[in-house]
Amino acid sequence: MSVRIISAGVGIVIAIIVLLLHNTIVLPLVVSLLVSIMIFELFRAAKCENFYVSLSASIVYGVFRIMSWGNFLENLMLPVSLLTVFTVFLMFILKHKETGFEKVSFMLAVMILIPEAMLTTLKTEALDNTHGIVFLILGLCGAWIADSGAYFAGTFFGKHKLCPEISPKKTVEGLIGGIVTTSVIFVVFNAIYINLISKEGLHANYILLALAGAVCALIGTLGDLSASMIKRQCGIKDYGNIMPGHGGMMDRFDSVLFVMPTFYAFLSVMDIYK
């Protein structure tokens, strides 16, 4: 338990430093690093890590996707994307005796979906010069607070298993607790920020915020269960051990991969803030 607490503490300190430096190159660099690690962890889980060229091409693509967003390099995304896809298929042809199309499809999906999902962290932060960092923090809370709420609700009230074959510890009561907790946190967090901290005259639609929190908690559970299903089918307990007691980056960011795009969509489509 002490190792898990220390590991979490170190992670929180690093996260705070990165968030404080959000308007520098530090944020995209850290997101690029996370993308690289998660791509590697998923390749390794599916026993694709020996396809070094495809793995390297996927990581390079992921880093380029993050680092090129919002600058002149973004004009090169199409040729870079095509080159990466062609490389993966070329290796498929050259090593067709060692792999099937299922693994190729998996590698391509990982290569595209992980960077695109994580890119929404940068897009969310860039939505507003003043409040963007608050939006980013709220989106991350939508992923991680739901886990905490679900854990405590499930511990004290959990009786009905949610998906016992995929995640035996998850309960229906825990899911409801996570949804309620996230909705409340979204509303309270914004009420405190808008009324006590921000001096920009920001206004929020608290009904939409509560709805966004509920949806994010639900989608985050979907992400967690999806990542757990991959682990179970691959026969592994954790994606890695980069955070002792917590597992790998995929173990920590599986919900974020689903929640951040969802929250970004809410902010982009609905008039939550005025």
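This is a predicted model: local features need pLDDT of at least 70, side-chain atom pairs count only at pLDDT 80 or more; totals for chains, interfaces and linings use all residues.

Author: Happy to; below, each label is set against its cut-off.

Reader: Let's start with the strands. What makes strand 1 and strand 2 a pair?

Author: Two strands pair if there are at least two bridges between them. Strand 1 (residues 161-163) and strand 2 (residues 167-171) are joined by two bridges, so they pass. The two run antiparallel, and a hairpin of three residues connects them. If you want a spot to look at, Cys 163 stands opposite Ser 167 of strand 2.

Reader: Now the rings. How do you know that Trp 144 and Phe 253 form an aromatic pair, and why is it called edge-to-face?

Author: The whole structure has three aromatic pairs, and Trp 144 with Phe 253 is one of them. Ring centres have to lie within 6.5 Å, and planes over 60 degrees apart count as edge-to-face.

Reader: Why is Phe 253 called buried, and why does Trp 144 get the label partly exposed?

Author: Buried means under 20% relative accessible area, and exposed means over 50%. Phe 253 has 12%, so it counts as buried. Trp 144 has 33%, which falls in between, so it is partly exposed.

Reader: What about Phe 186 and Phe 263: what makes that pair edge-to-face?

Author: The reasoning runs the same way: 5.5 Å centre to centre is within 6.5 Å, and 70° between the planes is over 60, so the label is edge-to-face. Phe 186 belongs to helix 7 (residues 172-197) and Phe 263 to helix 10 (residues 256-269), so the pair ties together parts 77 residues apart in sequence. Both Phe 186 and Phe 263 are buried.

Reader: How do you know that the span of helix 2 agrees with what it should be?

Author: Take 1.5 Å times one less than the number of residues. For the 20 residues of helix 2 (residues 26-45) that should come to 28 Å, and the end C-alpha atoms are 28 Å apart, so the two agree. Helix 2 is also mostly covered, with 14 of its 20 residues buried.

Reader: Why is Lys 47 called exposed, and what is its phi?

Author: Lys 47 has 54% relative accessibility, and the cut-off is over 50%, so it counts as exposed. Its phi is positive, about 60°, although Lys 47 is not a glycine. You'll find Lys 47 in the loop between helix 2 and helix 3.

Reader: Last one: which residues line the second largest pocket?

Author: That pocket has a volume of about 350 Å³. Of its 15 lining residues, the closest to the centre are Leu 113, Ile 114, Ile 230, Leu 257 and Phe 258. Helix 5 gives the most, with six residues. By class, the lining has twelve nonpolar, two polar and one charged residues.

Technical notes
Residues are numbered from 1 along each chain as its sequence is written. Side-chain values use heavy atoms; hydrogens and water are left out. Helices (H or I, at least four residues) and strands (E, at least two) are DSSP runs, numbered from the N terminus. Rings of Phe, Tyr and Trp (its six-membered ring) pair if their centres lie within 6.5 Å; planes under 30 degrees apart count as stacked, over 60 as edge-to-face and the rest as tilted. Buried means under 20% relative accessible area, exposed over 50%, partly exposed in between (1.4 Å probe, protein chains only). On a 1 Å grid over the protein atoms alone, a cavity is a set of points where a 1.4 Å probe fits but cannot get out, and a pocket is an open set with protein on both sides within 12 Å along at least five of seven lines; lining residues have an atom within 4 Å of a point. Grid points are joined across faces, edges and corners, and a volume is the space filled by probe spheres set on the points. Ala, Val, Leu, Ile, Met, Phe, Trp, Tyr, Cys and Pro count as nonpolar, Asp, Glu, Lys and Arg as charged, and the others, Gly among them, as polar.
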